[in-house]
Structure formats: structure tokens, C-alpha cells
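Me: I have a model open and want to learn how to read it. Please take me through it feature by feature.

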Amino acid sequence: MSIIKETSPHIHRKDSLARMLIDVLVSLSPVSITAIIVFGLPALRNLLISVAVMMAAEFVFVLIMNRIPYDGTKHTFKEQFLHGCKAYRIHHILAPIVSGVIFALIMPSGSNPGYVIYIALILGSLFGIVIGKLVFGGTGQNIFNPAAAGMVFAKLCFGSRYVYGTNGYVNAVSSGGTMLSDVASSSSSLISRYEAIEQYSALDMFLGRIPGTLGETFKFAILLGLIYLLIRRAADYRVVISYLGGYAVLMAIAGIFVSVRGGVNYGQWMAFSLLSGGVLFGATYMFTDPVTMPINAPGRVMYGLLGAGLTATIRLFGALPEGVAFSILICNLVAPALDHYTYSGNRFTKKKVLFTCGIFAAFVLAICLGLGFTGVAA
Amino acid sequence: MIAPVTTIADTKGLLGTLPSLRLDVPDYIYTATDNARCSKSEIFVKEGDHVYMGQLIGMRDGGFFKQPIHSSVSGIVDGFEEHYHRSGKKVKFVRVKNDHKDEWDPSLKPRSDEEIAKLSRADFSKILEDCAMVGLGGSSFPTYVKFNNDKKIEVILINAIECEPYITADVRLMEEELEKTIEGMKYLMIAFDCKKVLICVKKKHKSLIKMYQEFLRRDENKGISVCPVGNFYPQGWEIAMIKSALGIDIPSGHLPSEFGIANFNVSTVWGIYEAVKYNRPVVERFISVTGDGIRYPSNFRVRIGTPLKVLLDKCGGYADPEKDKVFILGGPMMGASLPSDDCIITKTVTSVLVFNHVAAEEGPCIRCGSCVYSCPTHLEPKQIMDAVKAFDKERIKALNPLRCIECGLCTYVCTSHIRVTDYIRRAKMFAKTK
């Protein structure tokens, strides 16, 4: 027995990084299992490909970052390899699995021609993990969400080849696209294009019986995951509430214009806004990534509201059908600014509340102006 | 887990509020010459001299104040030895061979109640300075300084919260020395000419609160009352205590006395009673010895100057002797770890903890924000840590680490087991230099 000197405090909360990552994996399991049941082998294939690519990239990264320090002698590859393996930790396995599963779930199940999906998955996950995370220094250092970065890259490169929802479970009305892409590619005006949304019932959207990506259409499974994450405190409820709440408020305001000027059923509009696309999935698994969000409570609320505003405006006015991944990436960029030391702090000061309200009011104003004066004449 | 910590899980099956054991005074008693606040000292006795209990044997010099050293036992001065002090330094100790008679110095005269009633605040200050009273909660701040002002004090808070987990020495003191602590509070009311005393106790000590409330019914309308506060950590921090007891938020950089508040630890109150009533310095105190590295965790009432090994023997020695140990004086959150168990109990040692060493590897920070949410002083430990790593002095100063009270919550909550508090300590050093 020897006596060891250490600095205070001497006790620790029972908690670990691995526990947090496993919590996220557990919360992802309902969505993944539903996806595998509904889409069958392609879903399993997609999950395995992206997880394998991300894990391999992280492993190579660990080897590169943990070489033997220069000591004058030359080391064989085997020595270097074994030395690098010693630095391999449990979070180096779990973190890429989490990113890989999320990435696979926001990608489509197949493509036309069929081989493109392999290229999209491999290049997307490589881009996501390398450019989104590893170049900044690995877990905890990244400023971009790896899954969102990879998804956006793959979408920009291969988006036109995607095929959504090609199985019996989905009530496919259009072939190939999603509800949102149908709306976005519609040639009619900003508001009147929403007449098409009544072809799916709210229940269909909730159960995921609409065309969409591998995982983000199964709202019930995502809600289960969200509840689990919040109970286990593996996700910050501030971001989830401010993002979903802010988005719901903005869409409710937009809905007034759409239903009054476009004649769309208001209830159907709200169901469409909240249950289509990746809003719920993004709020549950991507906006809650603690690494890429601000560190204090006011910053996190602002981050969520900013994401809500961006998602709503991209969706209402943007050229792209879906704004969640883009708004996540833009918010990731803003997060360090929200953390700047000259004004950061964990207290909701009057200035911060006013500033947040100002940003939110700007989004409300943009939506009111955009939908109030344009868009009906077809 | 992204969640702030408000309560720290207490250990089940370790100590509880076990009644204290009264230890026989050992054959040799050690008295420190220097201590954490005083680096110089002068000793008036030499080898072979006879000393009484409570006799002045030396004087410490702490720069702007002097502190008398008293013998805590009667006997023969036997020599000088080096042992570890609470502060982690090796310090010279005066060794006194105990004659087991416990004779008090005959020059220490007790005061009658009438005399005490006539004492002024300045008189109290003088008495406490002569008795070398310091804050016994662990701060070792000279108590008389608190009497050296003439601000109007409206309420006195007695800190009996003992917010650190595992230790219950103050609870034992309050239960076993109830009348003396209440008397001490009455003296404080005389000193500050104040009508209100609040005893702040954790809500969970229900029997203790009941006991005090029952006893205080005898002195109804005298102004002393029990004020149960939450079981939070760091509730014993004076700012947090004032906030929950009185609802007053004291901004950082201000003293409680500016708001008409004086606060004392409950063991200090006990010491004040002994000093004012009998003119005696502190010679005894309550100590918790606990932790998972101790075979039989116990509370003790010991003579100041007892070597720690005596206590460890009484506790049945170390549990799991093959495992490495961490040896802590003070609580598990803020206590100092010592490199050796060759240590002496001084006035300000509140508890001894022995833990089996658990090597926890630091992971990467994932910015979960638990440290930011937990910080009682509303700092951002993660941001300060980043600034320290970048040696960015400007950023460190802007983040204001000097507000930190080193409660240790940021390290306690860290998901990745990073010792965040160490970085904050370095930031404080940076911020102090120009």
C-alpha cells in the first residue's frame, strides 16, 4: 500500500462519456429497428456501411495522432501500430457508431441507379467524419456535426439520384421524392403549392407511412428516443424545447397566412409542418449534440431558436426542400460566437433576453412579410 | 449526463451520525510551531520545561497578525519533531510528554456571568486574540478580526451545515455540547449587541433540529432559533448560506458585515464559549474518520495534538491494506490530500478521510455543460480551462476566475473525469499576476 497525493475533489459523480454515448445509441435503437423492419436488408446494409467507414476513419485517426515520439531511432510499422492501439479508447468506438447510425438514418434507402447509394454512403460518411470532426481534433473538438456535414455533402453530390420510400409500408403517391421535395419542386407559387399536402393524413405522417429517408419518418420511434434521452439527461432539454417550440410558433404564424390566403386546412398544415421531414429527428439527435452547441444555458436557448428560425425560413422560402441539416450546420458555425468570452455567462441577463427576442422577432417579421405580400398569384 | 449537481450522494453504510468516541489522551502530544497562515514562529519553552494545559508556549507571526501557541496538555516538553501539517507541509512540532493530570494553567481565571455581560466588542476581540481562536470550520481565519469593526450587526448566522458529504463531526458536537453552543451564541449576542441568531442546519438532520427546538423553548423570545436549510452542496459557503437563510444576495467582493450579518461556525462558537467563560484556548475537537479505506469509520472527540496514527489504530486500521490509498484532511470535496499518514491533528482539522485510490482516466471534454450549470458562482469552468490551455491571459481575466471558491463541483460532475478544478486554480494564479 502506498499513499497517493491528488488534488481535491476526491469523489466523482457516477457518470462517464461511454454511458452518455451508449444512452444515445439506446435512444437510436427504436428508429433503427423500425427502419430495418420496414426497409429490410437495404436499411441494415446502409447502417453497416456508414458505421464501418466512420469507425475505420476514426481508427486511422487514432493511429496517426498517437505515433511514437521522435527519439532518433526508426520504428517499424508494427511498433507504431501497437503504440497507436494503446491510445484506442471506448469512446473512439462509440462516437463513430453514433455518428454513423445517425448519418445512415438521414440518408435514403436506395438510389437510381442502385450503385450510387454505396458511393453516396461511403463518401458522405468519410466527408462527415473527416471534414466534420477529425480535422478539428476528434471527439470534443469538432465544430460541425459529422452526420449533418456528411449528409449535406452527399446530398449536394448525389441528391438527384436518391429514391425515397420504395416498399409496401409507404403510401407512395409520388415516385422517388418526399412530400417536401414535391412541394419544393412544385411550379406553383409560394403559398398555393401547399394544396398538395392534403394527400397524407396526420396518422400516416406520425407512423412514417410517407416517402422519406431511412429513419426520420418514423416519428413515434423518434419520440420514444427523445423521451429516453431526456429522462437519462443525455440531451439538453433547453435546445430541444427552444428548437421545437420556436419552430412550432413560427410555423403556426406562417400557417395563418397559408390557410387564409391559400385555403389550406390549418390542422393539416400544422401536422405537415411538425411531422414531415427531419425536424423531429434533427431536434432529437443532431441539435442536441453537446459538442457543437454553446456551453451555457442562454447560449443554448439562442442556438435552438436560431435553428428554428433557419429551418422555418429555408422550408418556407428556400430552394431546397429540407432545411434541417443546413440549419444545423449554420448554427454550428454560430455556436462559438455565442460562446465568446466577452459576453458569455450562464445567467439570463436582461440584455441577452432582449437580444434573443430581437432575433426571434426578426424571423417572425421575415415570415410575415414573405408570406403576407407575395405568393398567391400562380 | 447533462445535469447540474445540487446534492452530493452521501455514502451509505459508512459513518452516519455515529456517536463520538472519547479518546484517552495519548502519551505524547504535538503542537505545531508554524502553520498555513503563519510562516515564522518563536517558542518560549525549551526541553525539560514543565507546561500546564492552556499555557502560552510560543507566538506565531503571520505578517500582519500574531497568534499565540498554547499547550493542549500538561506535562514536560520533550523535544521537537517534524511531522506533516494539515497544509501538506512538513512543520516542526513541539512534543510534550503527557503527565495525565490535565492541570489547567492556574493563571487562567474564569469569568462570572456579570463580568461577561459587561464585556464590549473590543474586549471580546482581545480575549479571542489571546486565546488564539481561529475559524474551526477549516478556514483557520483569526476569529477576532470579525470583532474588529463597529458595523451594526443585525443577525448572527451559525454555520452548522457541514455541507460536505461523509462527515458528521459538527452534528456530533451540536448534539453532545448543546448547552455550551447555546451559551456561546448568547455571548455572541452580547458582543454584537444583536437580537437575532439563526442556527443553520441541514434539513435532513431532523432529530437534531427537533432537539434544538425543544431546548430553545426554555429561552423563548431570546432571539435564538433554528433555521433548516436545504441539503445542497455548497450550502456551507457563507454566501449560499446567507442566501438561503435570509434571502440576501451578497455580490462578490463584499463582506457579509456590510449587510449587517456576522457568521460563525458552530465549533468556533463552542470555542468562543470556552474562551470567554474560562479564558481557555481550544484543546479538544470533534473529528470524523471515515472513507472506504478505513475499517471501522468513527467519530472522535480528541485532544488537539494527537497523532493521526492513534486515531487510525482506534478505527481498526486500513481496510484492504493492499490497495493504494488517498489520505485526505477535510471533506471529500475540498480537503487537502497528504503524502503521508504521519500527521498531527491541529485545531482546524475537521475530518480525516481515507479512500481507496481509483485511477480515473481523463477523456476528451464533450462540452456537455454540466460544470457550467453546476458552478455556484456562475462561472464557466470549461471556458476557463480552454483559456488556460491556450495561455490566453486576457481571456482568463475576462472570465473572472477569482470568483471561484474551489468547491470542486466542476470536477465532481465532469462526464469525462477531467480535473477541471486544477485548471481553475491555475487560472487564478494567472489572473493574480499582472
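What follows is a dialogue on domains, contacts, strands and helices.

Me: What should I know before I start?
Reply: This is a predicted model: local features need pLDDT of at least 70, side-chain atom pairs count only at pLDDT 80 or more, and totals for chains, interfaces and linings use all residues. Residues are numbered from 1 along each chain as its sequence is written, while chains are lettered from A and ligands numbered from 1 in the order in which they are written.

Me: Into which domains is chain A divided?
Reply: Domain bounds come from an automatic or database domain assignment. Chain A has domain 1 (14–164) and domain 2 (185–212 + 235–378). Their C-alpha centres lie 27 Å apart.

Me: How many residues of domain 1 of chain A are in contact with domain 2 of chain A?
Reply: Two residues are in contact if their C-beta atoms, placed from the backbone, lie within 7 Å. Here 14 residues of domain 1 of chain A are in contact with 15 residues of domain 2 of chain A. On the domain 1 side, the largest share is five residues, from helix α6 (residues 146–158) of chain A. Helices (H or I, at least four residues) and strands (E, at least two) are DSSP runs, numbered from the N terminus. By class, the domain 1 side has 11 nonpolar, three polar and no charged residues. Ala, Val, Leu, Ile, Met, Phe, Trp, Tyr, Cys and Pro count as nonpolar; Asp, Glu, Lys and Arg count as charged; the others, Gly among them, count as polar.

Me: In which sense do β1 of chain A and β15(B) pair?
Reply: Strands of a sheet pair through backbone hydrogen bonds, either parallel or antiparallel. Two strands pair if DSSP finds at least two bridges between them. Strand β1 (residues 3–4) of chain A and β15(B) are parallel, over two bridges. Ile3(A) has Lys325(B) as its bridge partner in β15(B).

Me: How many bridges join β7(B) and β8(B)?
Reply: Nine bridges join strand β7 (residues 75–84) of chain B to β8(B), in the antiparallel sense. Tyr84(B) stands opposite Lys90(B) in β8(B). The hairpin has five residues between the strands, and Gly88(B) takes a positive phi near 90 degrees there. Strand β8 (residues 90–98) of chain B also pairs with strand β2 (residues 28–32) of chain B, antiparallel over five bridges. There, Tyr30(B) has Arg95(B) as its bridge partner in β8(B).

Me: How do α10(B) and α13(B) cross?
Reply: Two packed helices are described by the angle between their axes and the distance between the axes. The axes of α10(B) and α13(B) come within 9 Å and cross at roughly 60 degrees. Axes are lines fitted to C-alpha atoms, for helices over the stretch in contact, and angles run from 0 to 180 degrees between N-to-C directions. α10(B) and α13(B) are therefore oblique to each other. Under 35 degrees counts as roughly parallel, over 145 as roughly antiparallel, 65 to 115 as roughly perpendicular and the rest as oblique.
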